[in-house]
Amino acid sequence: MSNSKGQVLIVDDEPDIREVLELALGRMNLETRSASNVNEARRLLEQFHFDLCLTDMRLPDGNGIDLVKHIQEKYSHMPVAVVTAFGNMETAIAALKAGAFDFVSKPLDLNDLRNIVRSALKVPRPAVPAAALSGQTPIGKKMLGESPAIQKVRAMIEKLARSQAPVYISGESGTGKELAARLIHELGPRADKPFVPVNCGAIPENLMESELFGHKKGSFTGAGQDKEGLFKAADGGTLFLDEIGDLPLAMQVKLLRAIQEKSIRPVGTQSEIRVDARILSATHKKLHELVASGRFRQDLYYRLNVIELPIPSLRERVEDIPLLAEQFCTRLVAGPGKKPPSLSDAAMETLTRYPFPGNVRELENILERALTLCNGQEIAIQDLRLSGGNAGEDRQAAFSGQESLDDYLERIERSAIEQALSQANQNKTAAAKLLGISFRALRYKLEKLGIE
């Protein structure tokens with residue numbers, strides 16, 4: 001009986017490379033079969049079960065991307081890692097877009113190879129499609145809703161969790177971009193390693209390099225001891241770069257190098273440290289517009305945006321509002337013997353007509369406030385305290401075409417912050433809690449919007 005931990009298909013037309021891979025994988029207690037071209041690989045796939053395919057990109061009768069697409073179509077349970085020429089990032093990104101799990105460059109670094117193979121063999125099998133869409137799965141219980149829009153997002157997250165490709169998560173503020181990033185991490189092979197979220201807009205520019213890459217004691221004024229950067233903290237796991245659009249241009253160059261080289265250089269040192277972290281990024285801004293205006297590097301944009309995951313606004317999934325409202329009320333009054341108040345029909349109708357510029361986060365904040373204000377076991381319209389008192393009029397005014405969406409969202413954000421500060425008696429810590437954001441994020445927004 002075999003004690004192998006898995007079966008790997010090696011596809012490469014160079015005998016020396018096949019021998020190196022067979023020896024390296026054999027030492028990992030893996031069984032291998034080898035093919036020198038695409039047609040031979042297809043025959044082996046039909047005859048044997050494999051847990052992983054490792055293929056070169058250039059083959060005599062095709063290329064690795066053709067094989068990646070074939071395996072995605074016929075053997076979707078199987079991850080594929082591709083071997084690319086050193087420095088050929090365009091080919092690697094094309095393979096990731098086609099569905100490859102990850103890539104390794106020639107000349108082969110056996111440590112990188114072993115890390116990729118170990119991660120690939122931990123990839124969970126995909127859920128049954130109907131189950132992936134259902135709100136009854138673990139992902140459905142965290143990302144609530146039954147609308148077609150949110151079902152599509154959940155199915156995409158299931159797929160992205162089986163890859164190591166960089167993912168750019170787009171969407172308005174408050175839609176749940178960090179939740180999506182956490183789910184991609186938790187459902188993937190890195191789930192037992194750290195998930196490190198970073199708000200790029202909340203880190204002072206002069207400290208950003210130190211925060212991301214770490215520093216050596218004495219490397220600058222105030223560096224009283226060695227510090228491990230956030231990249232190193234995410235080693236083996238996932239680094240989530242939120243509000244990536246706020247990254248200064250000088251830092252964008254250093255981030256691009258760290259991602260491409262998979263290594264960092266702490267401030268005050270000359271040595272490189274290898275780091276294996278999956279990169280997920282997000283922003284509520286339109287990143288392609290920042291590229292067009294010269295405020296974001298095009299090469300970094302393409303490196304981060306290998307696959308885009310758009311998160312719908314709450315306006316695009318109105319049918320989910322009743323379920324979300326019920327779940328938020330239940331969670332906010334959690335406790336033994338506590339029964340959450342229900343929303344009156346009129347209050348629920350008002351919520352479904354409200355435009356929610358702050359999306360799901362705003363809905364939760366509205367309900368938290370309403371639970372404090374309501375009397376008895378029912379939340380009435382007046383408890384919601386929606387701006388203007390008429391959600392229908394708010395929506396009509398918001399989309400009248402008199403201002404751009406960016407200007408509208410900035411106006412709403414300014415109004416929400418000013419209201420929160422007023423309710424909190426100008427206490428910024430309390431206002432940040434009301435808004436559902438960190439104190440540093442609020443401080444950044446106050447400076448950006450020029451609010452005293």
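**Exercise 1.** Where is the place of Pro107? Describe the peptide bond from Lys106 to Pro107 as well.

*Solution.* The model is predicted: local features need pLDDT of at least 70, side-chain atom pairs count only at pLDDT 80 or more, and totals for chains, interfaces and linings use all residues. Residues are numbered from 1 along each chain as its sequence is written, and side-chain values use heavy atoms, with hydrogens and water left out.

Step 1. Pro107 is in the loop between strand 7 (102–106) and helix 5. Helices (H or I, at least four residues) and strands (E, at least two) are DSSP runs, numbered from the N terminus.

Step 2. The Lys106 to Pro107 peptide bond is cis, with omega near -5°. Most peptide bonds are trans.

**Exercise 2.** Find the place of Asn29 and of Asn359, and give the phi of Asn29 and of Asn359.

*Solution.* Step 1. Asn29 is in the loop between helix 1 and strand 2 (31–35), while Asn359 is in helix 17 (residues 359–373).

Step 1. Phi is positive at Asn29, about 65°, and positive at Asn359, about 60°. Most residues other than glycine have a negative phi.

Step 2. For accessibility, buried means under 20% relative accessible area, exposed over 50%, and partly exposed in between (1.4 Å probe, protein chains only). Asn29 has 34% and is partly exposed; Asn359 has 0% and counts as buried.

**Exercise 3.** Describe the packing of helix 1 (residues 15–27) with helix 5 (residues 110–121).

*Solution.* Step 1. The two helices pack at an angle of about 60°, and their axes are 11 Å apart. Axes are lines fitted to C-alpha atoms, for helices over the stretch in contact, and angles run from 0 to 180 degrees between N-to-C directions.

Step 1. Helix 1 is therefore oblique to helix 5. Angles under 35 degrees count as roughly parallel, over 145 as roughly antiparallel, 65 to 115 as roughly perpendicular and the rest as oblique.

Step 2. Helix 1 passes helix 5 in a right-handed crossing; a crossing is right-handed if the near helix is turned clockwise from the far one by less than a right angle, and left-handed if anticlockwise.

Step 3. Helix 1 contributes Val20, Leu21, Ala24 and Leu25 to the contact, and helix 5 contributes Leu110, Leu113 and Val117. Contact means heavy atoms within 4.5 Å.

Step 4. By class, this contact has seven nonpolar, no polar and no charged residues. Ala, Val, Leu, Ile, Met, Phe, Trp, Tyr, Cys and Pro count as nonpolar, Asp, Glu, Lys and Arg as charged, and the others, Gly among them, as polar.

**Exercise 4.** Repeat the analysis for helix 3 (residues 64–74) and helix 4.

*Solution.* Step 1. The angle is about 15° and the axes are 9 Å apart, so helix 3 is roughly parallel to helix 4.

Step 1. The crossing of helix 3 and helix 4 is right-handed.

Step 2. On helix 3, Ile65, Val68, Lys69 and Gln72 meet Ala94, Ala95 and Ala98 of helix 4. The contact divides into five nonpolar, one polar and one charged residues.

**Exercise 5.** Is Leu212 buried or exposed, and which residues does Leu212 touch?

*Solution.* Step 1. Leu212, in helix 10 (residues 208–213), is buried at a relative accessible area of 2%.

Step 1. Not counting residues up to four places away in sequence, Leu212 touches Val198, Gly229, Leu230, Phe231, Leu241 and Met251.
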